[in-house]
Amino acid sequence: MDARAPEAVDAPLSHADIRVIVIGVMVAMFLSALDQTIIATALPTIGAGFGDLENLSWVVTAYLLTGTAITPLVGKLADIHGPRPVLLVAIGTFLIGSVLCATAQSMPWLIVARAVQGLGGGGLIALAQTIIGILIAPRERGRYQGYFAIVFITSSIAGPILGGFFAEHLHWSLIFWINVPLGLVAAAMSDRALRRLPAHHHPHRLDILGALLMCAGTVSLLMALSWGGTYFPWLSLPVFALVMAAVVLWIGFAFRVATASEPLVPLTVLSNQVVRTGVPSAAFAMGTLVGLSIQMPLYLEGVMGLTASESGVALIPLMAGVVVGATGAGRVMGHFTHYKRLPIIGLLASIAALGVLALVPLGMPIYAVAIAMGIAGMGLGTVLPVSTVAIQNAVPLPQMGTATGVVNLFRSLGAAVLTAGFGAIVISMSGIETSALLERLLEGRAQVAPLAGAFRWVFVAAAASLLVSLIAMMAMEERPLRSGHSPAPLPE
């Protein structure tokens with residue numbers, strides 16, 4: 001080992017050193033952020049190409065599911081070994097999954113490949129947030145928000161446009177091939193930058209059984225949501241059996257959390273009031289965002305009559321609104337004692353915007369839909385940085401990776417469940433056979449009223465989800481943000 005390593009741990013980093021590390025981490029974040037936005041506008045084309053719309057939601061949920069399961073494990077691995085080797089392994093796994101996706105010959109192949117991709121991509125943002133939590137005190141994080149704004153603005157704008165363009169004019173597989181050169185650049189830059197990161201290694205055990213129980217319970221629930229109303233009636237025995245299996249598995253997961261020496265989701269973290277309230281607020285906000293970003297292209301193409309490329313452009317207000325809301329809230333929250341007022345106001349605006357879309361799902365001009373989507377995105381975007389920073393501020397440094405993993409665990413879980421739930425609403429409430437819905441996407445706006453009626457309930461469900469996020473945010477305790485890296489008090 002380097003004899004100077006102990007000194008490096010304690011030596012403060014300059015702003016220039018921190019900037020190099022942040023930029024290196026940003027490139028890795030860009031991979032995950034771009035992958036979440038670039039696929040949305042290509043999904044209808046992918047479903048048409050394989051002739052399988054029934055399982056299309058699993059292209060998204062498979063990624064979210066494995067990303068959900070791996071997130072808390074990644075956080076603990078970063079606490080044990082440091083974030084650099086874990087980040088490099090995550091990038092490598094993400095690239096392997098991307099190649100498998102690009103060469104997929106069937107829908108089941110693509111779904112399995114997306115699951116592999118999720119194992120890598122699920123940890124990228126969580127690791128980035130952990131690294132920033134180690135480097136920068138909560139009150140000072142606004143100084144670096146501009147860097148993150150670049151990542152999310154670029155991915156939010158370029159992703160839907162590239163996805164729609166590739167799907168309509170070239171081939172959808174390019175949305176995965178593009179990850180290969182980007183991933184190689186990210187690995188090289190991250191490796192070089194993170195060598196400057198001070199070591200923060202803490203002993204932990206990995207709760208593999210807890211991860212398996214949580215993953216199995218989530219799969220059962222998602223299968224019930226995906227198959228109910230399509231393959232089986234909602235009140236059928238198979239759907240009921242899947243729901244009961246999910247309940248039993250989640251009870252088993254809760255028992256594991258209560259009895260394991262070091263569970264996947266530690267009780268010491270969950271007992272923290274900020275974590276208990278901040279996590280559900282973030283989970284429902286992120287779930288709503290991902291669910292809408294996946295379903296809105298179907299709305300824009302099937303109801304509004306746009307092409308894949310046009311829907312990519314029309315999706316920009318939602319994604320750009322999230323970036324504006326998140327960046328603005330992140331920059332100013334350090335200057336406010338009552339910083340949670342920002343997401344409270346934002347969520348109220350989002351609920352109102354979704355209410356307008358629910359009232360008039362058919363017949364609104366596209367610019368009005370874009371404005372409503374922009375307001376909704378901006379409002380729910382304010383939740384993400386405030387909840388994350390507040391939670392990181394409330395836990396001691398040795399639990400930083402674990403707490404960040406818990407946040408991202410439930411954010412990913414919320415995204416997986418709400419994406420499947422919104423998809424179930426579209427299929428079941430439209431009253432349209434899946435094959436007819438696929439044909440409608442290919443042929444244009446013929447008989448769109450049933451689909452518009454289904455999306456009315458999607459918007460209602462999204463507004464209800466944000467109402468839960470709002471209630472949780474209002475209940476979250478506002479603790480003064482630390483201006484240094486002095487340890488946070490241990491959870492009571």
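A394 has a relative accessibility of 1% and so counts as buried. The model is predicted. Its chain has 492 residues, of which 58% count as buried. The secondary structure comes to 21 helices and zero strands. Among contacts in the chain with a separation of 6 or more, 86% join residues 24 or more positions apart.

**A394 and its helix**

- A394 belongs to helix α18, which covers residues 383-394.
- The C-alpha atoms of A394 and V269 are separated by 9.5 Å. Along the chain, A394 and V269 are 125 residues apart.
- A394 is also one of the α18 residues that meet helix α13.

**Helix α13 against α18**

- Two packed helices are described by the angle between their axes and the distance between the axes.
- For α13 and α18 the angle is about 155° and the axes are 9 Å apart.
- An angle over 145 degrees counts as roughly antiparallel, so α13 and α18 are roughly antiparallel to each other.
- The crossing of α13 and α18 is left-handed.
- On the α13 side, the contact uses V274, V275, G278, V279, S281, A282, A285, M286 and L289.
- On the α18 side, the partners are V383, L384, S387, A390, I391 and A394.
- The contact of α13 with α18 has twelve nonpolar residues, three polar residues and no charged residues.

**Helix α13 against α15**

- Helix α13 spans residues 273-302, and helix α15 spans residues 316-332.
- The axes of α13 and α15 come within 10 Å and cross at roughly 160°.
- With the cut-off for roughly antiparallel at over 145 degrees, α13 and α15 are therefore roughly antiparallel to each other.
- α13 passes α15 in a left-handed crossing.
- L289, L292 and S293 of α13 meet L318, M319 and V322 of α15.
- By class, this contact of α13 with α15 divides into five nonpolar residues, one polar residue and no charged residues.
- L289 of α13 takes part in the contact with α15, and L289 is listed in the contact with α18 too.

**Helix α15 against α17**

- Helix α17 runs over residues 366-381.
- α15 and α17 pack at an angle of about 30°, with their axes 6 Å apart.
- The crossing of α15 past α17 is right-handed.
- From α15, the contact draws on P317, L318, G321, V322, V324, G325 and A326.
- From α17, the contact draws on A370, M373, G374, G377, M378, L380 and G381.
- By class, the contact of α15 with α17 has nine nonpolar, five polar and no charged residues.
- L318 and V322 of α15 meet α17, and L318 and V322 also meet α13.

**T288 in α13**

- T288 sits in helix α13.
- T288 has 0% relative accessibility, under the 20% cut-off, so T288 counts as buried.
- A polar atom of the T288 side chain lies 2.7 Å from the backbone oxygen of F284.
- Beyond its neighbours within four places in sequence, T288 is in contact with L380, L418, F422, A462, S465 and L466.
- Of these partners, L380 is also among the α17 residues in the contact with α15.

**Q117 in α6**

- Q117 is found in helix α6, residues 107-135.
- Q117 is buried because its relative accessible area is 0%.
- The side chains of Q117 and S98 are joined by a polar contact of 2.9 Å.
- Setting aside neighbours within four places in sequence, Q117 is in contact with D35, Y63, F94, G97, S98, C101, F176 and N179.

**V257 in α11**

- V257 lies in helix α11, which covers residues 237-259.
- V257 has a relative accessible area of 7% and is therefore buried.
- V257 and G210 are 47 residues apart in sequence. Their C-alpha atoms are 7.3 Å apart in space.
- Apart from neighbours within four places in sequence, V257 is in contact with P263, V265, L267 and L270.

How values were computed:
Residues are numbered from 1 along each chain as its sequence is written. This is a predicted model: local features need pLDDT of at least 70, side-chain atom pairs count only at pLDDT 80 or more; totals for chains, interfaces and linings use all residues. Side-chain values use heavy atoms; hydrogens and water are left out. Helices (H or I, at least four residues) and strands (E, at least two) are DSSP runs, numbered from the N terminus. Buried means under 20% relative accessible area, exposed over 50%, partly exposed in between (1.4 Å probe, protein chains only). A polar contact is a pair of N or O atoms within 3.5 Å; within protein, one must be able to donate a hydrogen and the other to accept it, and residues adjacent in sequence count only if both atoms are side-chain atoms. Contact means heavy atoms within 4.5 Å. Axes are lines fitted to C-alpha atoms, for helices over the stretch in contact, and angles run from 0 to 180 degrees between N-to-C directions. Angles under 35 degrees count as roughly parallel, over 145 as roughly antiparallel, 65 to 115 as roughly perpendicular and the rest as oblique. A crossing is left-handed if the near helix is turned anticlockwise from the far one by less than a right angle, and right-handed if clockwise. Ala, Val, Leu, Ile, Met, Phe, Trp, Tyr, Cys and Pro count as nonpolar, Asp, Glu, Lys and Arg as charged, and the others, Gly among them, as polar.
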